[in-house]
Amino acid sequence: MEEMKKTGFPENFLWGSASAAYQIEGGYLDGGKGMTNWDTFVRIPGKTYKETTGDVAVDHYHRYKEDIALMAEMGLKTYRFSIAWARIYPQGTGDINEEGITFYQNIIDECLKYGIEPMVTIYHWDLPQALVDAYGGWESPQIISDYVNYAKTLFRYYGNKVKYWITMNEQNIFTSLGWLTAQHPPGKFDDQKMFYQVNHHAFMAHAKAVLAYREMGGTGLIGASFAYTPSYALDCRPENAMAKYNYDDLKNFWWMDVYAYGRYPKAAMAYLKEKGIAPVMQDGDQELLKQAAAAISFMGVNYYQSCVCEYNPMDGVTPYGTMNTTGVKGSAQEIGIPGIYNNPANPYLKTTDWDWSIDPDGLRYCCREITSRYALPIIISENGLGAFDQKTEENEIHDDYRIHYLKEHIRALEEAVTEGCEVLAYCTWSFTDLLSWLNGYQKRYGFVYVDREEADGGSMNRYKKDSFYWYQKVIQNNGL
Ligand code: BGP
């Protein structure tokens with residue numbers, strides 16, 4: 001008998017796909033939901049691509065059964081989605097909105113009906129506007145107890161059914177874009193001191209939620225998802241090697257060390273103190289961060305691209321170069337921190353239409369680094385290709401470029417697994433097409449095409465892309 005072929009992936013590997021509430025749900029005024037920071041922000045002219053909003057998004061709020069049935073047809077093992085805080089607590093705190101509780105209960109039950117493991121993101125960027133109005137949202141330490149109260153509510157209602165919890169999605173991104181580049185709410189520009197303070201509040205919220213989960217007897221897995229952009233030094237010039245090191249301390253380890261060790265990287269902290277922008281901490285914070293670090297179960301990684309680091313002179317590029325949000329290749333500007341590093345293009349890699357480098361081995365690099373540095377299991381909570389997809393007259397979508405992208409990334413991930421990295425799950429971004437925060441609906445990521453334009457309208461019909469059938473086979477063959 002021919003020996004069965006095996007992949008490096010374990011038998012119980014969770015093949016999945018991910019989404020976020022604001023990007024798919026729509027129904028922004030339905031079911032008693034409160035307004036959020038994003039509902040407000042998208043109404044400021046010029047903030048999003050062609051003024052796109054998530055008011056309707058891809059109408060998942062009304063079509064979740066159809067979408068989850070498609071997931072079941074595909075054979076998905078896990079579905080990562082986020083809960084909109086403002087559906088549970090319309091005012092951020094205070095009275096619970098039962099309709100919101102029921103909505104996510106239904107989603108969870110629908111997943112379980114098909115044997116799909118629900119993986120819940122507690123916070124994927126949509127903050128109740130009431131908390132912004134009351135005390136500036138993440139800018140105030142008051143947010144910590146409100147976040148923990150909200151997280152505990154989720155643990156209480158859903159904890160018996162949900163075994164995978166992600167406290168924060170990409171804390172590094174929502175804070176950078178919110179307080180440095182002004183591209184996300186609250187749209188503050190170059191407020192470096194507040195940026196680090198906001199991050200400290202988010203770390204404390206994460207830490208206290210992790211500890212609360214354990215205190216409540218939660219036996220599932222809990223951790224944060226980090227947008228990990230691994231770096232390569234431009235060459236062996238020592239100043240470029242040092243630029244890479246500084247980049248890692250400031251842009252990667254600043255978050256991952258806190259999640260995994262409960263402490264900030266020393267050199268980066270010394271640099272911030274010298275500049276007078278280090279976060280203010282309360283007595284006991286350090287200890288709580290350490291306790292939470294010991295209680296997390298995995299490092300969540302959202303991986304899209306790698307970068308290159310080169311020494312950046314004092315009069316060099318800033319973090320505020322133009323971002324490509326139009327899909328016009330080559331329109332992104334180089335960024336960096338004067339005196340520290342800049343991120344030139346990698347001549348060995350191709351890029352997407354939005355100028356993101358395509359680097360499957362970067363995913364392997366992330367897994368290896370996390371394994372060596374933190375010895376933690378890994379959940380790949382996002383990875384995917386944003387592209388212009390075309391639907392033919394026969395309603396087919398031939399996204400061979402997406403298949404190629406995912407295939408190469410899964411190959412790199414398998415190498416990491418073979419090399420000893422403990423990877424628990426791989427979630428593609430995304431299952432259906434959805435709203436890209438700054439890039440509108442034209443930047444598509446899904447296995448399922450959704451018929452809608454930038455402006456609200458379109459049939460909202462779902463069409464399976466070629467990648468849908470391909471990933472179905474990947475799951476059937478456990479990655480082979
Ligand atoms: C991550 C976010 C997702 C998603 C993805 C793709 O940063 O967690 O919410 O949007 O990136 O990014 P974009 O939509 O900018 O292409």
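Strand β3 (residues 117-123) runs parallel to β4, joined by four bridges; strands count as paired when DSSP finds at least two bridges between them. Strands here are DSSP runs (E, at least two residues), and helices are runs of H or I with at least four, numbered from the N terminus. This is a predicted model: local features need pLDDT of at least 70, side-chain atom pairs count only at pLDDT 80 or more, and totals for chains, interfaces and linings use all residues. Residues are numbered from 1 along each chain as its sequence is written, and side-chain values use heavy atoms, with hydrogens and water left out.

Six of the six β4 residues are buried, meaning under 20% relative accessible area (1.4 Å probe, protein chains only).

Now the ligand. Around the ligand are 15 residues, of which Gln 23, Glu 170, Ser 436, Lys 443 and Tyr 445 come nearest; a residue belongs here if one of its heavy atoms lies within 4 Å. A polar side-chain atom of Tyr 445 sits 2.5 Å from a ligand oxygen. For Gln 23 the distance from such an atom to a ligand oxygen is 2.8 Å. The protein covers 92% of the 380 Å² of accessible area that the ligand has on its own (Shrake-Rupley method, 1.4 Å probe).

Just after α15, Asn 478 takes a positive phi of about 50°.

Conventions
A polar contact is a pair of N or O atoms within 3.5 Å; within protein, one must be able to donate a hydrogen and the other to accept it, and residues adjacent in sequence count only if both atoms are side-chain atoms. Buried means under 20% relative accessible area, exposed over 50%, partly exposed in between (1.4 Å probe, protein chains only).
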